[in-house]
Amino acid sequence: MIPKAFQEVIDLGDGREISIETGKLAKQAHGSVVVKSGNCMLLCTVVSNYKPSDVDFLPLTVDYREKFHASGRYPGGFFKREARPSTGEILVMRLVDRVLRPLFPKNYHCETQVMIQLMSHDEDVMPDAMAGLAASAAIQLSDFPFECPISEVRVGRVDGEFIINPTRTQLEDSDIDMIIGASEDSVMMVEGEMDEISEEDMTEAIKFAHEAVKIQIAAQNRLADKAGRKEVREYDVEEENEAVEKKVHDLAYDKAYAIAKAGSAKQERSAAFSELKEEVLASFSEEEQEEMGDLIKKYYYKVEKEAVRNLTLDEGIRLDARKTDEIRPIWCEVDYLPSTHGSAIFTRGETQALATVTLGTSREANIIDMPSYEGEERFYLHYNFPPFSTGEARPIRGTSRREIGHGNLAQRALSRQVPEDCPYTVRVVSEVLESNGSSSMATVCAGTMALMDAGVKLRKPVSGIAMGLISDAKTGKYAVLSDILGDEDHLGDMDFKVTGTADGITACQMDIKIKGLAYEILIKALKQAREGRLHILEKLTETIAAPAEDVKPHAPKMVTRVIPNEYIGAVIGKGGEVIQELQKTTGTTIVINEDPVTGEGIVEILGTDQGGIDQVLAKIDSIMFAPEEGSIYEVKVIKMLDFGAVVEYTAAPGNEILLHVSELAWERTENVEDVLSMGDVFDVKYMGIDPRTRKERVSRRALLPKPEGWTERPPRREGGRDGGRGGDRRGGGDRRGGDRRGGNRRRD
């Protein structure tokens, strides 16, 4: 018997709906839901162990996977099985994790797993926008200690109208693509890209999305009430000790405040704080340290955070002695690496990124093969964060989720400024060489300069800045921090990164850690970020004001030629012989794609030598050469035959045609050699298609004056058997007679 299911429906307001159902699938999980919109279905399950792990943090794993069977497809590769997560899946995991993690108690250390699976796909529904809703709804049906339900929605804007969870088609016409995660009373996460919008427009989009989130949260609460709420589980918590906390505070606060106020460099400051921590620990006996060591350290870090925050709120002083809106010193350099197609260094304080650009053909496009989306990227950016950038030694185990997320943010910041008619596939790689505060924004800045150094015609240069917020709900004080340090990132109430041109925002990423952030504070922070962005942008354009006029001499030059569909095969040649020989002799790379709409051939020619590119273009022109009837062309004799000569159009080498002996001259020609020699160059008239032979015909005699007294031979009489077998039996009408080389003189 099919078990009873409970369901709630969310109306998106434009005829579309999202349903949340529980009670039918995965009932051994601690919470499970199926979220459906159209034919798109997500299954989300949540499980959390009852015994805490031996760690001092929440071991939360958010896993999002798209099953290929969801769209009726096979996985690529040899094993035909889903394996490691794709970049797109990892980005969805990060979107959900960043909203869920802060809502678990800080002292909850049980292994927790949230699994979201795309089970059925709909081309008109983007599943990533519903992943946060599915995760939160499943948790509401569990017994986890979780502060409050949340949800996430995508917001777009088409023709000035905001849309919740737009389709991919609508998104192509949208100037905003943001995902907002929020609880009922607070926005918690924002990430997306925009087409140079204003700070006010961005805030309005967030407000619009928050209202939709509230509707989805209400549906989750109704579903949990229907299905029956579970009592929140009890779990082991760390014991608190007020006496120890007070002792640590009394010992450390003033000294921590003084270290923070000293305005020292990162390494010096870290060493001073470490010494203070050891001093605090040493004030306790060995027995106390063994029994309460972790608790003492926790209280110390709490005091350190409090001291740094109070210094900024009370005196407006930051860890490195800057003002709240002050940007660290910046220096930049382009064309640093001699062999790359473009390179740039961006250094801001103790953060440094070296970006490189590589130019290629469509063959180098980044192929995206997901059940929910198939396509390719002609512009993509990779971000690397090695351990030495923070003075650490640790194992390197592949590309981290953080590297994927930061690279995606920088890519979105720059992508809309790369023109659509850019002929190249462009790859940007950012190597973070030093890090103390927002290496992702340093990547945007270095990437902008490297692209311009490479000769990529960016519409406008882009800069980025990382901002922070420190606030005190009791006093109402707050401070917006420009260009935050790594330490300020950890102790602040909001970390947000904003990128843009001089005319507007192109991308953002926000993580908001406090409840009920006023939109007035958000707008102030965004406007302060704009001032910082423009300051940084000025430094970039002082280094390189505009894209280079051309690519570097050693970089490949790209020429694109569109050809009619019927010539694609001729350019490729039998078994690829033509294109392969061209690449070999010209030193170029040639890629031919078929336009999916028009069916035309798009030929990409990539090479460092312009002469080689010109040879390829000439060969294509030659292949596509189509003479017009009645026109005169210069030809060259390349082969002598008994019944004529093979000539080549000098304007289209490789295009050959037979000049029949009968078309050499008005007089009868017994031997071709009497009139022509190898290598002779002369003009011929293109006569079109011979209606009798269905072959192309050219004539030399048509351009010569007729001999005096010349009379035309009457045309051959038409007719088959009914018309008699008469006619001129000596002409072409009878194969047994006449001059096989063309005894009949043809009419002009």
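In the predicted model, Leu43 has Gln117 of strand S6 as its bridge partner. Strand S4, residues 40-52, and strand S6, residues 110-120, are paired in the antiparallel sense, and nine bridges connect them. Strands of a sheet pair through backbone hydrogen bonds, in either a parallel or an antiparallel arrangement. S4 and S6 belong to an open sheet of six strands, in which the order is S1-S2-S3-S4-S6-S5 and the pairing is mixed. The edges of this sheet are formed by strand S1 (6-11) and strand S5 (60-66); each has a single partner strand, so one side of each is left without a neighbour in the sheet. On average, and with direction ignored, neighbouring strands of the sheet are turned by 15 degrees against each other. Helix H1, made up of residues 87-100, packs on the sheet and touches S5 and S6. The direction of H1 makes about 145 degrees with that of S5.

At the S1 end of the strand order, S1 and S2 run antiparallel and are joined by six bridges. Strand S2 covers residues 17-22 and is mostly covered, with five of its six residues buried. S2 also pairs with strand S3, residues 31-37, in the antiparallel sense over three bridges. Here the bridge partner of Glu21 is Val34 in S3. In a regular strand, side chains alternate between the two faces of the sheet.

The cysteines were examined next. A disulfide is a covalent bond between the sulfur atoms of two cysteines. The structure holds zero disulfides. Cys110 takes part in no disulfide, and the nearest cysteine sulfur, belonging to Cys44, lies 18 Å away. Cys110 has a relative accessible area of 1% and is therefore buried, the cut-off for this class being under 20%. Cys332 is likewise in no disulfide; for this residue the nearest cysteine sulfur is that of Cys445, at 7.5 Å. With a relative accessible area of 16%, Cys332 also counts as buried.

A helix pair was also described. Two packed helices are described by the angle between their axes and by the distance between the axes. The axes of helix H5 (residues 242-261) and helix H7 (residues 286-315) come within 8 Å and cross at roughly 45 degrees. H5 is therefore oblique to H7. The crossing of these two helices, H5 and H7, is right-handed.

The surroundings of one further residue, Ala645, were examined. Ala645 is found in strand S26, which comprises residues 644-649. The relative accessibility of Ala645 is 0%, so this residue counts as buried. When neighbours within four places in sequence are left aside, Ala645 is in contact with Val637, Lys639, Met640, Ile657, Leu658, Leu659, Val672 and Leu676. Between Ala645 and Val661 the separation is 16 residues in sequence, and their C-alpha atoms are 7.4 Å apart in space.

Notes
Residues are numbered from 1 along each chain as its sequence is written. This is a predicted model: local features need pLDDT of at least 70, side-chain atom pairs count only at pLDDT 80 or more; totals for chains, interfaces and linings use all residues. Side-chain values use heavy atoms; hydrogens and water are left out. Two strands pair if DSSP finds at least two bridges between them. Helices (H or I, at least four residues) and strands (E, at least two) are DSSP runs, numbered from the N terminus. Axes are lines fitted to C-alpha atoms, for helices over the stretch in contact, and angles run from 0 to 180 degrees between N-to-C directions. Contact means heavy atoms within 4.5 Å. Buried means under 20% relative accessible area, exposed over 50%, partly exposed in between (1.4 Å probe, protein chains only). A disulfide is a pair of cysteine sulfur atoms within 2.5 Å. Angles under 35 degrees count as roughly parallel, over 145 as roughly antiparallel, 65 to 115 as roughly perpendicular and the rest as oblique. A crossing is left-handed if the near helix is turned anticlockwise from the far one by less than a right angle, and right-handed if clockwise.
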